[in-house]
Structure formats: structure tokens, C-alpha cells
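The following note sets out several points on one strand and on the charged pairs of the structure shown below.

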Amino acid sequence: MPLAYMPGFGNDFETEALPGALPQGQNSPQRAPYGLYAEQLSGSPFTAPRGTNERSWLYRIRPSVKHSGRYAATALPDWKSAPHIGEHNLPLGQLRWDPVPMPSTPTTFLEGMRTVTTAGDVHTQVGMASHVYVANKDMEDEFFFNSDGELLIVPQEGRIEVATELGIMEVSPKEICVIPRGMIFRVRLPDGVARGYACENYGAKFTLPDRGPIGANCLANPRDFKTPVAAFEDKDGRCRLVVKWCGEFHETTLEASPLDVIAWHGNYAPYKYDLTTFSPVGAILFDHPDPSIFTVLTAPSGEEGTANIDFVIFPERWMVAEHSFRPPWYHRNIMSEFMGLICGQYDAKEEGFVPGGMSLHNMMLPHGPDATGFEKASRADLKPVKLTDTMAFMFETRFPQHLTRFAAELDTLQDSYLDCWTPLKKRFDGTLEGNWD
């Protein structure tokens, strides 16, 4: 059957997979309907302000204490957490990679997670990690939850089916999903293979950015975020649960599927979002706006206006600015930028930055259009032009992003990336016009 969703961002939802399963008028009746167990999943301290207080009440076949057992250490060696200084010899610099190859052996979503950068400190719940994932095998009778942070997943090739305690989401390229900290889930691959990106947010949860003078509309509109309706598995049999906790991995054996929540209500829930519903706001007379105008989600830090993470996209849009250099300008930035390309071309780098690829421009390292892009934009006929069939994104953080050994030694690292700026010429000759020969 088609999956169903409830619209809205940060709403207080209620949903039940069986009629009458959700208690009315109270959270914890003496005997819950259907003989279910009532429990609360808290995503914030009990005393957090109302605007940031998050919790959901779950009504499940077995309480979570039955979905936990004696844990043993396990390993996912390519998944790293901050602080992590990769043991490699790659010097500082602007970096770009071609796509990470698909695995040649059976690899699940968990096994295929490869960390590219880490920032901050997972132990103090600040910062983030950027990952890529490659997978060709379903997670069967295997489940996972992450105590270290919420997980923002960006598919690039192949759909993923994310079954969580609170419902099921199918997420396609040009869509994203967010799985809250501590929520159990499983990933299957409807298309057999999948590749994409993930941002692990150690800090305050993602929220919508304030629009300021933009007003009440545009950018990512709340109604376009979709939270799954309740769905459950009443399935006995041995299965495996893997937990990430303070950068370490642990596993335990369960006697039944932990995805057994028949009804729930609250505001601590997974969600998905279609990136093509983002309504861009840009320059309609002159100049290129700051890229912050393309922020979909932001995870705030303790300093106003300085994000722990911004998730920014560069979607299809019209370019209409007069007497302006239309691509992003040359830039040095206190923030650190990890970029990926889902499809098409990125207007500042038409060559070399390919779908499935990624780039890293760390804090205060200069970056901007390649020489070809500069020449093209500097001489273009400035008629209205629509950028089509494109979707790029950026994980941007206030912290420096430390490269892992995996990323530093990846065969797809482009040794020639810096050459894209080599042809840029000196055009100063003392005249007002400059030398454009």
C-alpha cells in the first residue's frame, strides 16, 4: 500500500495503526488499549522551554526494556566521530572527490557508512560529522539507533525505505529525511543499490531558519515536511540491534522486532522533505545574494546567527540580475563547507564536480568559480536564464572539519582540483576597463 504521511514541521501529531489504540484524555492509563505498553521518548530535557520541548508518547507491543539486552562491543570501522584527527599525510587545502564507488560485496546501509569529516566533540554534543553511504543489501532483522545525534540523510542514487519506530518513509534522490537522536530504524533498498550523503548532528536539533524580512512565506514551507503515520511489526524471532553511543558501537540480540509501536502522539518524530518544494528567494535586480538565502534547515549554536550546522541547497532557479556576476563570488569564510551534488551541474563548477561527488572548503580557505565559469559569467549576455536539472547542497558548520583517513586516501580524490583556478589571469593593466583580451 502507498505510504501515508502527516504534513507540518514540528507539529504535535497523533496517529494510530489500529482503531482505538491511542488513549484519549491522558498519556498513561492504568491499562492501555490492546494490552499495549505506554512509554515516553524524550528528545529534550523535561524542563526545556515549550518551543524546544520535544517528546512523544508511544504505545507499543513490548516496552523498550524488552528491546535492550546485554550489550557487546562491535565495530563499524569506517564510521568516525569527533574529535577525530585522521592519521594521514594530506596537507591542508581545498579538496574535491569523484563519487565513492559502489561496493563489490554485500553491504548494508550501516556497513556502507563512510565518514569524510568530523567537527566539534560528540561527548559535549557540539558539532557534526559528514558521511557518504554506499549500499547494496537490505538490513534484515537488523536495527540501529544513534545516541550521539540526529541523522540527516540525502539520497543521491537509489531510493531508501527507512522504517522507524514511528512509521515508514520512502526517500528518493532530491528528497531528504531526518531521524531523531535515539530512534530505532532499519534501511532497505527498493532499487537494490543506493548511494548518498548523511550529516550527523551532535548539537541542537535541526529547525527551520527564521525568515526575517522575507516574511511568512518561501524558502522551506512547513506544510511540505512529512511525518509518517504509525506502522508496526508484530514479528517474533532473533534480531540484532546496533547502538552508537559516544562514538563507540555496541550490539545486542533481541527476541522480536523493536518496530512495534501501534500508536503514538507528540512532536519528537522523523520526517522527510522534497527539496523541489523549496521556494528560492534571490536577487531580482543586481548582485548574487549570500548563500544563506538557500538554507533549508539550521541547527543553532549558543551564539545567535552562528549555526552549529546549516543545510543549504542550490536548486533549479532563475538568474535575472542585471550588470552582475551571477555565479557565487570568490569567498573566504569563517564557516566550513562540505558540498555534494545530487544531480546536474553546479553553476560555479561546471566541470569536475559531478553527481555523487563532494568537495570540502574549510574555514578561511578561498574558493569560488573555476576559470571556465568565471570567463563564461564575465562575458555572458545577461538575459534571464533558468538553471535546470540541478541540485547541489552544503553541510556548513562553524567548526573546522577534520578529514578522516578514509577520505584522505580515497582513490577518487582529485589531485588536479586546484588546477581549476590556474587559468585565471591578471586583468589589471592600469586602465579603468582592464585587459579582457
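1. The model is predicted. In it, strand β9 (residues 142–146) and strand β17 (residues 236–245) pair in the parallel sense, over five bridges. Within this pairing, F144 has V242 of β17 as its bridge partner.

2. Strand β9 is mostly covered, with five of its five residues buried. E142, F144 and N146 point one way from the strand, while F143 and F145 point the other way.

3. E142 also forms a salt bridge with R240, where the closest N and O atoms are 2.2 Å apart. E142 is buried at a relative accessible area of 10%, whereas R240 is partly exposed at 27%.

4. The whole structure contains 22 salt bridges. One of them joins K205 to E54, with the closest N and O atoms 3.5 Å apart. K205 lies in the loop between β15 (194–201) and β16 (225–228), and E54 in the loop between β3 (37–42) and β4 (55–60), 151 residues apart. K205 counts as partly exposed at 31% relative accessibility; E54, with a relative accessible area of 9%, is buried.

5. A further salt bridge connects R379 and E375, the closest N and O atoms being 3.0 Å apart. Both residues lie in helix α1 (residues 371–379), four residues apart, which is about one turn of the helix. R379 is partly exposed at 48% relative accessibility, and E375 is partly exposed with a relative accessible area of 25%.

Note on methods
Residues numbered from 1 in each chain as written. Predicted model: local features only at pLDDT ≥ 70, side-chain atom pairs only at ≥ 80, totals over all residues. Heavy atoms only, no water. Buried < 20%, exposed > 50% of the residue type's maximum accessible area, 1.4 Å probe, protein only. Helix = DSSP H or I, 4+ residues; strand = E, 2+ residues; numbered from the N terminus. Pairing = 2+ DSSP bridges. Salt bridge = Lys/Arg side-chain N within 4 Å of Asp/Glu carboxyl O.
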